[in-house]
Every structure is written in structure tokens, then in C-alpha cells.
Amino acid sequence: MEPRLTGIDRREALRYLGVRGDKPPADVAASLDKWEAALLKTARPRAVWRLFDLAPDGTLAGTAFRPAGEDIRRHLAGCGRVVLMAATLGAEADGLLRRTQVEDMAQAVILDAAAGAAIENVCDNLCADLAAEMAPAFLTGRFSPGYGDMPLEQQGEMCRVLDTARRIGVGLTPGGLMTPMKSVTALIGVADTPREKGEGGCKNCAQYENCGIRKAGGSCGR
Amino acid sequence: MEDKFIILDGAMGTMLQAAGLPVGQSPEVWNVTDPEKVAAVHRQYVDAGTRLVCSNTFGANRHKLAGCGYSSAELIAAGIQLAKKAVGPGVKVALDVGPIGQLLAPLGTLSFEEAYDIFKEMVTAGETAGADLVFFETMSDLYELKAGVLAAKENTHLPVWASMTFESSGRTFLGTTVPAMALTLEALSVDAMGFNCSLGPAELMPLVEELARWTDKPIILKPNAGLPDPATGKYHMTAIDFAKAMAPAAELGVGAVGGCCGTTPDFIRATADIFQDKTPAVRSKADRRGVCSAARTVELDGVRVIGERINPTGKKRFQQALREGDMDYILARAVEQQDGGADILDVNVGLPGLDEPAMMAKVVRAVQSVSDLPVQIDSSDPAAVEAGLRAVNGRAIVNSVNGERAVLDAILPLCKKYGAAVVGLTMDKNGIPPTAEDRFAIAERILDAALGYGIPKEDVYIDCLTLTVSAQQDQAAETLKAVRMVREELGLHTVLGVSNISFGLPAREHVTVSFLTQALAAGLDLPILNPNQAAVMDAVAAYRVLSGEDKDSAAYIERFAAAQETKTVSAPEADMTLDTAIAKGMKAETAALTEKALDAMGEMDVVNSLLIPALDKVGDRYERGEIFLPQLINAANAACEGFEAVKKRIARRGGETVSRGKIILATVQGDIHDIGKNIVRVVLENYGYTVIDLGRDVAPEAVVEAAIKEDARLVGLSALMTTTVPAMEKTIQALRASGHDCKVMVGGAVLTEEYAMAIGADYYSRDAKQSADIARLVLG
């Protein structure tokens, strides 16, 4: 189960860029192609995951980590086990972004969006692999600290449980933010019966109040 | 090392967890609370054959221990003392030091000096407690490791071992390669280096083989027990399989063997069984050498171009950037030189009235944050040279010394201490000798002096000095002759600043290229030049074909195949206006049209009646959703070329910088996501404001201090995460408490207008365009 970056979802990248409508300007579309190719070449995607039994009190068995908040509790309802995962595009992607900011900020903005879509792609690929590995069990969607009422601070605990510093080179700043920046931690419930998709939906999202897509009547589909 | 293998120990954390340590708790605390359990692990390893144990201090740094109730020094003293007691005589105890657990800038926020200080606290405590050596393990950041090694070398008398963790790609998580590790650690004079953690023994063997070609130092090998099962994190390799997989290391010249994650005393016993009767293989001498950054190594086995553009000499615009701390301008020179084909970047920041050592460190770090080229520290001030050598990540060149004894005695010890290569200029207090023979004699003197300081011959590069041919015509031939003599008779690499040859002549390029070609033929391999001059780089490309360095002319063909494709520069349309050029983001056209306008109008008129209105039109279209952020920035960037033209015009007549007012920008403390702030900076600058960008993770006090010092009427704060918005509120409170009269605008993904008002901001800025509107409102 090698972590892999296979491409970027154009719609997602355009959404990060705030480009409305279906037809992006030609130069933006061309730049996205360019940065996708650059990221495929430069990024060194890595991921680490572990499977835990979910104790009745909500802690991950064998650890002191207990995901906090009502929303994650709902998200994991009916799941006997949970996958804890972390993924990153690696230090090189951050470096490329730093360098591009010096060269051309407009391109940097597009690269940033492309990199955002790229780390999602790495996570999606990992989840697809996990789903195959865990079958016939069913997986919920990913839920990350900062969604809904799950505090962002728990990101640090998740990194420590997964030993991300040693395993995939993801560290924490004193403020609890992950480095490299294009990194994700998430929880995925493992259930014996299928779950309804999109449970909770937008309301789980930390961006609920701000989200331009929701205000426009749409959804990012996560 | 000795004629026998040194048997090291295996995992500590795993053993302590088996003894009941909860996952996630600091193992080092047990040095005080359960010393017997830690001692028991040491004893088990010694019984298994270990002759050098690592103390239970891997994470005993003040960052990781924060909140545990014990200090770094306490836990280290306890850890060393209990280990010494447990192992008895005949077994050595190494102070084990792991990564701090926080990344250094630019990836993280920790400064090099802080990292040094954290390590200093550890190593001095370790020496006091009686450790036999310092063993840095599991490092993935070469820069952090450098801070550690320097801390140990400068504050203790202990031998230093250094080991890094690699992926099967041959790089650490942060991109460090095996050659870069070898060159950098050699430069810092560690006593042994190698690999631990990372992978299983079999996967690490190719890396060991590579390392042996780059260093003569003893090699350490402490692999994991294979690869862990992802679902459980457990290792399944058996002790016997591990030991068998370790066996080839004996032939590769490894000197010390042990295990890391997942290994136990059984693994060490099995390994010791294999290794204790063998003698370490005698390695052939390392045959590769070069200079490096953390991620890129440049071997001197062909022509290597040193880029000369990071240098204020004779460049008004560069001087202005240095004085104003405009790092982006300087960094753009680094990036464009790398794109142009430079192999090494010369960094010179000497400017009267500027704190050269501080600026050197700052610029070297900044350059290395955007470019992975090795650097050449260019200064004659020993303090600036040392500041640069400390700041550099990798192995640098020092430019330069000359034949003067005082200069040699001031600079060469620094080159030795930091393991840098050095450029020697063939001149002395009597000036530049007119004959090749006399220059050669100085080169010999410099080489002798370097050897005397323990600097190896291959690290001495000689610059036979280019004189302007229009002024001293006979000297061109002498220079070429001297280059040939130094190369052939002394066997040294040679450096030459090439561009100077044609100074004062028309169509300089022809003379420069011809001189360069002749110099290369004479043996020049480190030309210092402007890599953005295509003709000069074309000559280098051609030379590499003729010398055989460019195998099958592959690079040459690629260079010119690519050049043909892009050779469709459209001529600017005659009727193009500045409005259109800016709206379309056309930089060259904007610059040209601005120049034209400046011939007819005053600088401020061009700014206020042409550049700003053009930007406004773009801004309106952005607000109407007709164009998007990248296009807005493109337009702003194009306008920037216009402002550059204005700035150059003003700099030329020595006038004051054009500015519509000063704005402080900062990403608040704890937050490292700064692209949003950077976008705002670009847009504000391109609207003609002077932006003082304090960077990211900026403490409230630093914002207040800058606001007062710069007397800024507008402060912009950015925070991306919910967790860092409180720091924004603190910063606003600090600004208000200081009594400094200024407005505060805030922005960031998680902020709303309501929230912005609640934390005391004056303005909420939705995006970069709105920040420009606010700036106009506040500053006009």
C-alpha cells in the first residue's frame, strides 16, 4: 500500500482558487496542468496509518487518545474500529511553494491550490486502498481535527500516536500546526455495515460560517 | 575506531513500553521515577554483547519535556549516571540525542540559534554527568544536526557521532542526500557518521556503500527490525534474520553496529555473534568530494558556474534592496540564477554602513530557503565570513583570502573549523603581480598556508584575477598563463571572475565570451559570471561538449532544442496602453511603457495618473467576478515592473523612494501559513505602498516594536487557523496598549467581519483587493 499522488482534481483546485463557473480562464487551466506535472515530479507523498479498536469511552484502544466533540462521536457511531492516518506531500512541496512565491505570486497561488488538491488526492488514494484492505468492512469518510467541534489541537495528539515525525517526517510547531504544511491527519471509522454517505454534511465543517460554496447553495461534496 | 566492531545497543523505547511505559509518555522521565527499569534494559543489552550503550535521553530536550515537571539537565544527569552504574567498566555510555521535535525555519519556526541552545543545554549536562561521547541519532534535518554538532564541539570535549534516518529513495524526509550528509559532517569534523532507524538492514546497505565513497570516517549502522506492519506499527523480523541481513556491513567497512526500532537484546546478541569475530574491512579511500547544500551536491569534475549576481557592488537597485531589507528582490536574483544554470551562488552583501555579519547570515539563510545550490560566502571581513559559514546548510566555499599573511591567518582557521573550501586570490599587499610567474608564487604560498592549517589541497581554489583588458591589455594573456600553471603544476581548481575582462568596451559580450572560452581551455573550472547572460552560458554549454563533460551532447541538445521552441517573443503592439499591458499581466510591456511615460512625466505623476488607475480597473473587474485571484496578482506583478522602472529612475538620480505610506504586515504568532499575507504584500506593494513584512509566526511585541519604529499608520495581521486567532487578538491588544496610533486590518480563512470586530480590529479584509482599499482609506 504505497502512498501515491496520481493527479489533481481540477474542480477542487479551482474551488480553492475561488474560480466560479465551469470554465476557468485558459491561462489558469494551463497553469494548473503545469503545477500538476511539477507536483507529480517534486512531491514525495508519504502516509502512515494504524488501525485501533474503539473503546466504549471513545478512546483508541492502547492509547490515551480520545477524539473530542459531538461531531466525531456521531461520525464514528456504529464503528468498532477506527483508522488513524496522516499523509504529507513532503518538504519538497513546501520548498517549491516558497520558491514560486519569490518568482511569481500569481503562479504561487495556483500552485498552492494545486498542492491542496494534491494532498487530498494522496488521502483519497490511501482511503481507496484501505477500503479494499478492510473489505468486507465499510469505511466512513475522513474526519480531521478542525472539522465541526473537533478541536484542531488534537492534531498534535494524532501525530504523536502515529509517531509521524519518525515515520513520515511530519512535525509540529509549538502552536500545534503541522510541518510540512501540505499535511493532513484524519480519522476513518471502520464499520461492519454500510453507512449513509454525507452524514452531518456541511455542518461538520469548520468553514461552515464562511463557506462561499455553501452560501451559493452548493457543496464541496466532502 | 578500533580493530574490532563496536557493538551498539538496540531499541530503548520499545523495551520500556514492554516494561509498562504508556505510549505517548516521555521515556526519559523514568530516569528519575523508575531508574531500575531503565538500568535493567541497559544491562540486558550489555549481557547481549553491547559495548557502547546509548543513554535514555533521546527526547530529553526542553521542547519535548515541556510540562513534564523535569528539566532537560536533570533527566540527562540521571540517565547518564544510571547507565554508567548499570553497565560497569569496559562499556561506554553515549549521551543519546534525538531531534528536537520541531522543524527549523524555513520549514518550521525554530531558529538555528534556538536549536543550538537546546542542544548546548543537553551536551553540557551530558559531559558533566560523565558521558563518553555524544551520539546524535535519527536526524532528518542536516541543519538541525549542524546546530547539534556545533553545540557539542564548541561546548564539550566529547567525541561526536552523528547518524541520520533515510528513506529508500536515498534522501531524508527533508531531502538531505547521502553525499550532502557526508560532506557536511566531514566539514564539521564529527568522529563517526552513519544511519539509524529508517529501514531494515538490507534496505540500508546500498546507502552504506554510497557513504563509504564520500567519507573516510568510521560508519555507524543501526537499522530497524525491517519495516513495520502499518496496521499495528509492530515489527516482525526475527533476530536471526536481522543479524544475517547485517552481515554484509562487515565487508562494506562499517565500524559500529546495533539496532533501532523493533530490535531487542536478542537482535543484538545475534548480531554480536556474527560481528565479534570479524575485523572491520579496510576501506579504500573516499574518492568523491565537492561542495553542497543539504539537498544538492556539486562535484568539481567539470565546469561549475558560480553565479555573481547576489552582490551590491555597482548595483544601485541591489544596494537599495539591502538597505530596505527587501529580501524578495535578493531572492529573485538567486532563483533566476539557478534557472539560468548556475551551479553555485556567490553571496556578497558588503555595503558601507550595513551590519555585514548579520546581513550575511540573513541572506545566506534566505537564499537557501528558495534555492538548493551550494553557496560561496564572499567577504573579506572575518566576522561576516564566520556568520555566513555558521548560517550555511551544507558545505560552502569562502571567497576569499590572498597572499597576505594577516588575511590568511584570519580566514583560514575559519575555513578549517567549518570545513569550507577557500578561494585564494593571487595578490598580496603589493597588489596584483604583473607576471604569471609571480601570481603562481603567491598561489603556492596560499596553498602552503592552507595545508598548514589542515585544509586539504583539493579544497583550495585559486583565482588568478581578471584585469580589464581595455585598461591593461597585456594582462589578459598573463592571467590565462597563470591559470594554466596553477592547474597543471599545482593541480588545483581555479576560479576567475570573468565579466570584468570587457569592462569599458562596447559589445562587451564578444570579449567576455572569447576570454571565457580561452580561460576554460587553460584549465578554469569555476568561472564566476552572470548565468542570465545567454551568450556566456551558451559558451559554457559548448565547452562542456568539446571537453567531453557533456556526454553525447545531451545537455547541449536539450538546451537549444528548448530554446528554439520558446523563441516566439511577440513584439509589443504599437498602440498598446499601460492599462492593457497591466490588465493582461504583461511585465516587459508594462516596464517599457512606463519607461516611455517617465520620459514625458514626473515619477509621481506616472504612479498616480497611470499605474494606480490601471490597477484600480483590474481590481474592479476582480470584485465583479470577471477575473480571479491569479489574474489580479498577475496584473499587480506587471504593475510592479512599472513601479520598478519608477524606482530605478529615482535611484539613478539618488532621490527618495516613492511611497504612498508604510504598512506593517505579519502572520501572527504560532501561525506558519503565510501565503495569504504574501499575496496581500504583493498587491499592496504594487499599489505603491511600502510594506514592512515581518514574516510569519511573529510575536505581538515584535509587531508593536516595528509599528513604532517605522511609525506605521496601518498594520495588517493574518491568521489562517482557528488556533492562532487568539494570537491575533493578543497582538491587537498589545498595539492598543502601546498607545501607538494606528489602524489594524485583519484577514484569514477562518475570520469573519463579526469576529474581526469582536477581537478589536478596525477593518476586516476579505481579500487582497480589499486590503488595498483599506490602505487607501487609511493612508490615502
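Predicted model: local features only at pLDDT ≥ 70, side-chain atom pairs only at ≥ 80, totals over all residues.

Reader: Fine. Is A:Arg73 buried or exposed, then?

Author: A:Arg73 has a relative accessible area of 52%, and since the cut-off for exposed is over 50%, it counts as exposed.

Reader: And which side chain does A:Arg73 meet in a salt bridge?

Author: That of A:Glu70, at 2.8 Å from N to O. A:Glu70 is partly exposed, at 39% relative accessibility.

Reader: While we're on chain A, what's its secondary structure?

Author: Chain A has eight helices and six strands. Along the sequence they run α-α-β-α-β-α-α-β-α-α-β-β-β-α. Of the 222 residues in chain A, 54% are buried. Also, take the contacts in chain A between residues at least 6 apart in sequence: 78% of them join residues at least 24 apart.

Reader: Which three residues supply more of chain A's share than any other three?

Author: A:Arg99, A:Val102 and A:Arg166, which supply 15% of the area that chain A buries against chain B.

Reader: How many salt bridges are there between chain A and chain B?

Author: Three. A:Arg46 and B:Glu167 form a salt bridge through their side chains, 2.8 Å from N to O.

Reader: And over all chains, how many salt bridges?

Author: 62. One inside chain B joins the side chains of B:Lys153 and B:Asp191, 3.8 Å from N to O. B:Lys153 is in helix α6 (residues 142-155) of chain B, while B:Asp191 is in the loop between α7 (178-187) and β6 (192-197), so the pair ties together parts 38 residues apart in sequence. B:Lys153 is partly exposed at a relative accessible area of 35%, and B:Asp191 is also partly exposed, at 35%.

Reader: What about B:Asp616, which side chain does it meet?

Author: B:Arg776, at 2.6 Å from N to O. That pair links distant parts of the chain, 160 residues apart: B:Asp616 belongs to helix α24 (residues 603-623) and B:Arg776 to helix α30 (residues 768-779) of chain B. B:Arg776 is partly exposed, with a relative accessible area of 31%.

Reader: Which residues are joined into one network by salt bridges that share partners?

Author: B:Asp301, B:Arg304, B:Asp343, B:Arg544 and B:Glu549.

Reader: Switching topic: how many aromatic pairs over all chains?

Author: Nine. In one of them, B:Phe119 and B:Phe136 have ring centres 5.6 Å apart and planes at 90 degrees, so the pair is edge-to-face. B:Phe119 sits in helix α5 (residues 112-129) and B:Phe136 in strand β4 (residues 133-139) of chain B, so this pair ties together parts 17 residues apart in sequence. Both B:Phe119 and B:Phe136 are buried.

Reader: And how are the rings of B:Phe242 and B:Phe267 arranged?

Author: Edge-to-face, at 5.3 Å centre to centre with 65 degrees between the planes. B:Phe242 is part of helix α9 (residues 239-246) and B:Phe267 of helix α11 (residues 265-275) of chain B, so here the parts tied together are 25 residues apart in sequence. B:Phe242 and B:Phe267 are both buried.

Reader: Which ring does the charged end of B:Lys37 sit over?

Author: The ring of B:Trp30, 5.0 Å from its centre. Likewise, the charged end of B:Arg317 sits over the ring of B:Tyr329, 4.3 Å from its centre.

Reader: Last one: where is B:Leu16 found, and what is it in contact with?

Author: B:Leu16 is in helix α1 (residues 13-18) of chain B, and counts as buried at 0% relative accessibility. Beyond its neighbours within four places in sequence, its contacts include B:Trp30 and B:Lys37.

Definitions and conventions:
Residues numbered from 1 in each chain as written. Chains lettered and ligands numbered in written order. Heavy atoms only, no water. Phe/Tyr/Trp six-rings, centres within 6.5 Å; stacked < 30°, edge-to-face > 60°. Helix = DSSP H or I, 4+ residues; strand = E, 2+ residues; numbered from the N terminus. Buried < 20%, exposed > 50% of the residue type's maximum accessible area, 1.4 Å probe, protein only. Lys NZ or Arg CZ within 6 Å of the ring centre and 35° of its normal. Contact = heavy atoms within 4.5 Å. Buried area = accessible area lost by both parts, 1.4 Å probe. Salt bridge = Lys/Arg side-chain N within 4 Å of Asp/Glu carboxyl O.
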